[in-house]
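Biologist: I've got a new model open and I'd like to walk through it with you. Could you put it up on the screen?

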Amino acid sequence: MISRKVKSFFNNTALMALMLSILLYITMVIFRPTALSLNSIATIFSTASMLIFVCAGQMIVITSGDGIDLSAGAMMSTTACITVELMKGNNEKLIPAILVCMAFGFIFGILNGLGVTYIGIPALIMTLCMSTVLTKLQIVISNGAPRGTVSKELSSSLTTRFFGVIPGIFIWAFLFFLVVVLFLKYTKFGHRLNLIGTNFEAANLSGIRAKHVRTLAYGLGGMMAGIGGLVGAGYFRQMQVSTFNSYTMQSISAVVIGGTMLSGGKANYLGTVFGALLLTVLSQFLSSINTSVAMRNVIMGVMLIILLIAYNRKPAVRQ
Amino acid sequence: MLELINIKKSFGAVIALNQASLTLEKGEIVALLGANGSGKSTLVKILGGTVKKDAGTITVDQKPVEIRSSAESRARKIAVAYQELSLIPRMTVYENVMLGHFHKGRFGQVDERKNRSFVCSLLEKYGVACNLDDFPKDLPSSTLSLIEIVKAISWDPDILLLDEVTAALHHNEVENLFSNLRVLSENGISIVMVTHRLSEIFNIASRAVILRNGESVADVDLKKTDINKIVYHMTGKMPEIAENPSDEKRSMEDAVLVVENLSIGESVKNVSLRVNRGEIIGLGGLEGQGQSQFLRSIYGAIPRDSGLITLAGKKVDYKSSANAVKDGIGFISGNRNRESIFSLRTIGENIFSAKMSMGRNFSGISNRMIIRQTNQIVKDYEIKIGNINDPITSLSGGNQQKVVFGRWILVSPEILLLDDPTKGVDVSSRRELHNFLRKAADQGMTVLIVSSDNDELLEIANRIYVFYEGGIHCMLCGTDCTEEKLVSAMMGMTAKDSVK
């Protein structure tokens, strides 16, 4: 009885990721009592929130089946550059900047999707190529170094801390994610996404335009990464090229750690949020114990492999 | 010599085997029977070492043994021919057969000549029409089944397990196979045969062990029993002969689907047919005569080279199945795992999937509505499920297929196309599916059904088009619908009633 309860607890990946985050945080506090402050909690919230936007997109792409978006981080970096170049400190340009970032992400995401579904290039290759294209594009857009900044209003709406602990970006991320979840739960697209991810052929034979849906998934994934780039630029105010490229791997890890199946067809919304949280706490923890950046990357990598092994096992199914 | 006592096995919450027992004497041929989901295949897999039992004992020559892997199974001289073929598509027939036990020559090298002549003689003996260097992906399924059997026999087993190997075989091939199996049993090899074709077992087996819901409920001497009793053990009910619905009074004016000169590459040649509203049309023939491709091309699932399709007076040319569904055509595949079941989703979502294909991507849908509508289908058609939110994989094959049927009832298409829908489905589920189809046809739905099972066609179809080598060989209706006529037409023997 107890063992079954323990088992079901460990099968609940979302809860597990949350517990691990808390455990890691406590360990961090033991190592470094100064880590127990509203400030450090707020930093964790901010960093995790920044990750949420791109994670939501990655989750959609992965759920579409045999899907992965390796261009998500480059997309964030690109729209971040576009944002600062476009706004140059002027808040009146906020709405155009949002629209441009969304459209830019959507169009390049759709290109990914067309390559994957209609031309038949493996998602890994297609999005990796796209990532290279986007990285170079940033340099073209910004002449090597983006010079503008975002408006004060945008950055303060993201960095202001309510009650000293809840950063503005957290609220934006929360609202954004809520919209995404509601969208996936209450539109035909969301349901079709699950179906094509589970069995592409059966979805086709049920009359679902599986290729359209999958292409759209990449489009939406790109769009969400695009929004993530704008938010990231807003948080940091100024930008360099390729700032967010590492977010590709982080987003994939967060999604999979959260319990979304890498093979597609099953998304775990809450798990994605806690997955992002766990990754953030882990990286904070490693920097708090004064590991070098290189060592931190090695440890992060090993931890990720372990977590992926622990989470991505499937139960025996009757054939 | 082999004894299985009270074997238990569960997959998650689903109990596949519970108190299953089986004994096998030297040189005996035993039929292992049971409705779908009764655990036959699981029992075979436990013996083959690909599934581990949870409890129970296996003894060989009174000594208890453990079979933890397929290697251990082979070490006990057990060989299995699996239902879902275990052949590797991109290795040659010869390599597939010898894989894992190539004859070795000097210095441990593969002695190619010896291997090839060995495989060649086996293929010849079992009448397998293929070359040593053919690839399984290019061969028809009946040939693959035979290769699978040859592969098992090549291990020179004491115990041979055959899991539904005759399902894809033509009856000539079955005869030949059976005479070979009899020789094997006279040489002291014990054989367990799993099959759904009940009429076969009287020809080949001496005893039948019958499983129901994972329990062995009977062990009968086939000389002292008949098919009715066997069905009774399998289902718990005495079988009744189903009434053939009358098909008079269907006017020829009411053509809902007209196909003219449809051709697809080498597999379908100039096929024309005419279907009236509310008819159940059978498409029969040996496996791989083009009937399945024909059906799928109507649905837009595979492209056709030429031909006209007219649906309710309107010419149609579907580039994808989605267009066909929009025009009121539905499709059920017999290949459940690959082509119809969404294994990670719930029963409700599986039923709703066809309806889900309608409307725009960004239009709304609520779970409550999905559950209400799918529950209604489950209730109306008395599909036995636990909860609508249970995963589809909690159901047995027959019930899964009923769920797939419900999927189309929910959108009530004008025409329903079925490609061997009851393949591997137990007798009672099959009967229920037939009743569903009749009920739907009475309400004006037109049904085209491809089937590899003659009894099914004869029982359910108003008219049967028999395919032979890519064309329609003849059309049977009314009093012509007899097993004898169907079989001879399938073989391409009579040139009677040809459709223009």
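Biologist: In what sense do β17 and β18 of chain B pair?
Modeller: First, this is a predicted model, where local features need pLDDT of at least 70 and side-chain atom pairs count only at pLDDT 80 or more, while totals for chains, interfaces and linings use all residues. Residues are numbered from 1 along each chain as its sequence is written, with chains lettered from A and ligands numbered from 1 in the order in which they are written. Strands (DSSP runs of E, at least two residues) and helices (runs of H or I, at least four) are numbered from the N terminus, and two strands pair if DSSP finds at least two bridges between them. In chain B, β17 (residues 415–419) and β18 (residues 446–450) share five bridges, and the sense is parallel.

Biologist: Which residue of β18(B) stands opposite B:Asp419?
Modeller: Look across to β18(B) from B:Asp419. The residue standing there is B:Val450.

Biologist: What is the strand order of the open sheet of six strands?
Modeller: The pairing in this chain B sheet is mixed. β16 (329–333) and β20 (471–477) are at the edges with a single partner strand each, so one side of each has no neighbour in the sheet. From one strand to the next, the twist averages 20 degrees. Reading across, the order is β16-β17-β18-β13-β19-β20.

Biologist: Is β13(B) enclosed or left open by the rest of the structure?
Modeller: A residue is buried if 20 or more other C-beta atoms (placed from the backbone) lie within 10 Å of its own, exposed if 12 or fewer, and partly exposed in between. B:Ile280, B:Gly282 and B:Gly284 point one way and B:Ile281 and B:Leu283 the other, yet all are buried. Because five of the five residues of β13(B) are buried, the strand is largely enclosed.

Biologist: At what angle does α15 of chain B run to β18(B)?
Modeller: Axes are lines fitted to C-alpha atoms, for helices over the stretch in contact, and angles go from 0 to 180 degrees between N-to-C directions. Helix α15 (residues 427–442) lies across β13 (280–284), β17 and β18 of chain B. Its angle to β18(B) is about 145 degrees.

Biologist: Which residue in the turn between β9(B) and β10(B) has a positive phi?
Modeller: β9 (residues 207–212) pairs antiparallel with β10 (residues 215–221) of chain B over six bridges. B:Arg212 stands opposite B:Glu215. The two strands form a hairpin with two residues between them, and the one with a phi of about 50 degrees is B:Asn213.

Biologist: Which helix gives the largest share of the side of chain A that touches chain B?
Modeller: Residues are in contact if their C-beta atoms, placed from the backbone, lie within 7 Å, and here 26 residues of chain A and 33 residues of chain B take part. On chain A, α9 (188–198), α10 (200–205) and α11 (210–236) each supply at least two residues. The largest share, seven residues, comes from α9(A).

Notes. Contact = placed C-beta atoms within 7 Å.
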